[in-house]
Number of protein chains: 4
Amino acid sequence: MPTLDQARTIIEATRAEGRRMGLKPLSVIVLDAGGHVLAFEREDGASPGRFQIALGKAYGAVMLGMGGAAQMKRAEDQAYFMAAMNGAFGGRVVPVPGGVLIRQDGVVTGAVGVTGDTSDNDAAAAMAGIAAAGLTGEA
Amino acid sequence: MPTLDQARTIIEATRAEGRRMGLKPLSVIVLDAGGHVLAFEREDGASPGRFQIALGKAYGAVMLGMGGAAQMKRAEDQAYFMAAMNGAFGGRVVPVPGGVLIRQDGVVTGAVGVTGDTSDNDAAAAMAGIAAAGLTGEA
Amino acid sequence: MPTLDQARTIIEATRAEGRRMGLKPLSVIVLDAGGHVLAFEREDGASPGRFQIALGKAYGAVMLGMGGAAQMKRAEDQAYFMAAMNGAFGGRVVPVPGGVLIRQDGVVTGAVGVTGDTSDNDAAAAMAGIAAAGLTGEA
Amino acid sequence: MPTLDQARTIIEATRAEGRRMGLKPLSVIVLDAGGHVLAFEREDGASPGRFQIALGKAYGAVMLGMGGAAQMKRAEDQAYFMAAMNGAFGGRVVPVPGGVLIRQDGVVTGAVGVTGDTSDNDAAAAMAGIAAAGLTGEA
């Protein structure tokens, strides 16, 4: 799984990419392969519920083994399935872009969740953050 | 209800059928007639949340007395009904194929839940597993 | 984390030790390092709620990084702390012997939970099961 | 409330104090005045459930307006009161030292939660972290 230093690099680089892209204040979480929190930061000006949204994007990705974009497609094709997933995982699945799997040597070792701007911009910033840590993202 | 030996046979035969069909890593659960877990196995490489998905498929089948295919039809015809079922059962109903009732002499005595590949393939593997134990499945 | 084959060996050897010791029907769970279920079996004659008890013993061990015996001592010294842990982890911590950490090269990679006989006998059977898989248990 | 830069300073200085004191791997959370997460870090080697414990220490402090030491005294004097608080706050109150209020000009503007070593050492590290950010802690 990512080390804390890698998680900090991901968060720092995701936030830097957000500033470079001119995004709204971002909140960024990094989870381990079991869906447990390694690190989180919420930028000044973000609404107070951003932790739960970032967590939901990343947690769903880890638990289902699917990035947020794939989850959103499934939600659009079969809404009741994603509703059921939310029940099965205690309401903690947010199936939109911005939840990005971290792969190391092909294996899922964690996930990043970003929220604050549009879902697609959130995902782009997360991908940049993961790349900056030398890891592979799957949006 | 199934004995543990029968449950183990179901899991072993479901997994063997998955390999024969070339499916992705499967997770397989067997529940008793009260919806309680008898046995479960998650194959290497499956995402960590597969227990909850397998449980939801099998639990919904037992509690509603309907296989996953029948539940999916109901969800597509009347989404709010299945949403309400999920509320009534604490979020633990996953209404898609792969939840298969076990019948012995016509009576429901448990259910199998399989997840990992497409829902239809999951159900086919479960049916093969139940047959291998000399029991009757209802997908 | 343990492979499924290792988890199956642990369960088989724990059950064999239970028979050798003349214990009541056992239920045995193996979790990965994130507290997620790898495998579970409930012996014939055990009460239907044994999954939750086995899960609680093993889940608390993984999440707190403490075996069941250490948790029980803490519960006896400071009952409100263990009550608070149960709140923090959604009611899923059962702080008694029978929850045993799995260590590989010194690192916690999962846990075993056993329930059915006295807590100390449950723990002894779990330790034998873990040893049979060539891993190190911490009761 | 603390800015993200202040929260980051608190975490960095708390972790540095932990190393200086020779403590086990620490997990550190900073909450705002509404009990919502601003920032969190879990050091390598900590058990996966440390987020929930750090959150519970800091959340109880903010919501009750009492540091962890005062909460522990109340739990020892009147255990059922703290049990009731845990019910009222959804199980998220961990009433031991390591939950430290942040005061700015006398007003509570957030809280820090630290877990990993003894509760008293956790609290000492949190106090050092808050002081390093130029704020006042109440353990």
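Two strands count as paired here if DSSP finds at least two bridges between them, and strands (E, at least two residues) and helices (H or I, at least four) are DSSP runs numbered from the N terminus. Strand 3 of chain D and strand 5 (residues 136-138) of chain D run antiparallel and are joined by three bridges. Within that pairing, L101(D) has E138(D) as its bridge partner.

Before going further, a word on the ground rules. This is a predicted model, in which local features need pLDDT of at least 70 and side-chain atom pairs count only at pLDDT 80 or more, while totals for chains, interfaces and linings use all residues. Residues are numbered from 1 along each chain as its sequence is written, chains are lettered from A and ligands numbered from 1 in the order in which they are written, and side-chain values use heavy atoms, with hydrogens and water left out.

Back to strand 3 of chain D (residues 99-104), which also pairs with strand 4 (residues 107-115) of chain D, antiparallel and over six bridges. Here the partner of L101(D) in strand 4 is A111(D). The two strands make a hairpin with two residues between them, and D105(D) in the turn has a positive phi of about 50 degrees.

Now turn to chain B. Its strand 3 (residues 99-104) and strand 4 (residues 107-115) run antiparallel, joined by six bridges, and G99(B) finds its bridge partner in G113(B). This hairpin has two residues between the strands, and D105(B) takes a positive phi near 55 degrees. Strand 3 of chain B also pairs with strand 5 (residues 136-138) of chain B, antiparallel over three bridges; there, R103(B) is partnered by T136(B).

Next, look at where chain A meets chain D. The contact (heavy atoms within 4.5 Å) takes 17 residues from chain A and 17 residues from chain D. Together the two chains bury about 1,700 Å², 47% of it on carbon and sulfur atoms; buried area is the accessible area (1.4 Å probe) that two parts lose on being put together, summed over both.

Across this interface there are four salt bridges, each a side-chain nitrogen of Lys or Arg within 4 Å of a carboxyl oxygen of Asp or Glu. One of them links R8(D) with E41(A), whose closest N and O atoms are 2.8 Å apart.

Which elements of chain A give two or more residues to the side that touches chain D? They are helix 1 (4-21) and strand 2 (37-42) of chain A. The largest share, six residues, comes from strand 2 of chain A. That strand runs antiparallel to strand 2 (residues 37-42) of chain D, with three bridges joining them. In this pairing, A39(A) stands opposite E41(D).

Finally, consider how the two copies are related. The same surface serves both copies, as 100% of the contact residues of chain A recur in chain D.
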